[in-house]
Amino acid sequence: MAEASSEYLKQIERLFRDARVKVYPKNQLIHYQGDPLTNIYLIKSGYIKAYTILDSGDTRTILILGPGDIFPLAFSSSLDWENYQIRYFYQSLCDTTLLSLASDVMRSHIDSDKEMMGTYMNYIAASNEAIMQQLEVMKNKKAIDKVGLLLPYLVSKAGKKIKPGVYQLQLKLSHQEIADLSGVTRETTTTLIKELEKDGIIDQHKGKWLINLKNLEKLSL
């Protein structure tokens, strides 16, 4: 939610007014797929990846979550929260600070306050849209397009504008993590990243990624 307004973030934080602060180091697994829904989290700083493990044993990263995002995802006010099982694994990608709120307290908040219910449902709708967009990336047949379409998403989650059309990712991602997000092999991802570097779309400097969305748009024309 890099583009979220300050007012929207204030509304989100109201949902977590009784929350506890929890800090997780890099690569900490916070929830397993299938865990019961006991707590709901708001990311204050850092990044989380939501992923699943396919029948083949390969991992598939579904989403990157950043400051202002809530997880676990994909539940609604109408579900049986007491018996709900978390759909993805959630793991920190760097040192991450969260606000943690017991799920029954969150449920009480949104059931008793119409404004909070509206904020919550708006967030769920935006999250579902992000998931659908990410699935569309994975469905694309051309590997270069899968990786190319992933870049605006990464910018929206972790990009800092440094000049018109150029953004620096505030998150370090490995080629394997890019592969998991785009649904192609790591070897193919490495080859495609080199192509995107030649086209002036990606510039890797001292572990930081610069993404030129203007040049990406030209490539798409």
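Tutor: Axes are lines fitted to C-alpha atoms, for helices over the stretch in contact, and angles run from 0 to 180 degrees between N-to-C directions. The model discussed here is predicted, so local features need pLDDT of at least 70 and side-chain atom pairs count only at pLDDT 80 or more, while totals for chains, interfaces and linings use all residues. Residues are numbered from 1 along each chain as its sequence is written, and side-chain values use heavy atoms, with hydrogens and water left out.

Student: At what angle do helix 4 and helix 5 pack, and how far apart are their axes?

Tutor: Two packed helices are described by the angle between their axes and the distance between the axes. Helices (H or I, at least four residues) and strands (E, at least two) are DSSP runs, numbered from the N terminus. Here the angle between helix 4 and helix 5 is about 100°, and their axes are 10 Å apart. Helix 4 is therefore roughly perpendicular to helix 5; angles under 35 degrees count as roughly parallel, over 145 as roughly antiparallel, 65 to 115 as roughly perpendicular and the rest as oblique.

Student: Which residues make that contact?

Tutor: Contact means heavy atoms within 4.5 Å. Helix 4 contributes Lys146, Val147, Leu150 and Leu154, and helix 5 contributes Ile178, Leu181 and Ser182. By class, this contact of helix 4 with helix 5 has 5 nonpolar, 1 polar and 1 charged residues. In this classification, Ala, Val, Leu, Ile, Met, Phe, Trp, Tyr, Cys and Pro count as nonpolar, Asp, Glu, Lys and Arg as charged, and the others, Gly among them, as polar.

Student: How is the packing of helix 5 and helix 6 to be read?

Tutor: Helix 5 (residues 175-182) and helix 6 (residues 186-198) pack at about 105°, with their axes 8 Å apart. Helix 5 and helix 6 are therefore roughly perpendicular to each other. The contact involves His175, Gln176, Ile178, Ala179 and Ser182 of helix 5, together with Arg186, Thr189, Thr190 and Ile193 of helix 6. By class, the contact of helix 5 with helix 6 has 3 nonpolar, 5 polar and 1 charged residues.

Student: Which residues touch the most other members of the largest nonpolar core?

Tutor: In soluble globular proteins, nonpolar side chains tend to be buried together. A nonpolar core is a set of buried Ala, Val, Leu, Ile, Met, Phe, Trp, Tyr and Cys residues joined through side-chain atoms within 4.5 Å. Buried means under 20% relative accessible area, exposed over 50%, and partly exposed in between (1.4 Å probe, protein chains only). The largest core has 40 residues, of which Ile64, Phe71, Tyr90, Leu151 and Leu154 touch the most other members. Helix 4 (residues 143-158) gives the most to this core, with 7 residues. A second, separate core of 17 residues includes Ile70, Trp81, Leu101 and Tyr120.

Student: What is the strand order in the open sheet of 4 strands?

Tutor: Two strands pair if DSSP finds at least two bridges between them. The order in this open sheet is 1-8-3-6, with antiparallel pairing. Strand 1 (20-24) and strand 6 (70-71) stand at the edges with a single partner strand each, so one side of each is left without a neighbour in the sheet. Helix 2 (residues 103-112) packs on the sheet, touching strand 3 and strand 8 (96-102), and its direction makes about 70° with that of strand 8. Strand 3 (residues 39-45) and strand 6 pair over 2 bridges, and Leu42 stands opposite Ile70 in strand 6.

Student: How many bridges join strand 4 to strand 5?

Tutor: Strand 4 (residues 48-53) and strand 5 run antiparallel and are joined by 6 bridges. Among the facing residues, Ile53 stands opposite Thr59 and Tyr51 opposite Thr61. The two strands form a hairpin with 5 residues between them, and Gly57 in the turn has a positive phi of about 95°. Strand 4 also pairs with strand 7 in the antiparallel sense, over 4 bridges; there, Ala50 has Tyr90 as its bridge partner.

Student: Why is strand 4 described as largely enclosed by the rest of the structure?

Tutor: Strand 4 is so described because 5 of its 6 residues are buried. Strand 5 (residues 59-65) is mostly covered, with 6 of its 7 residues buried.

Student: Where does Asn27 lie?

Tutor: Asn27 is in the loop between strand 1 and strand 2 (29-31). Asn27 is not a glycine, yet has a positive phi of about 70°.
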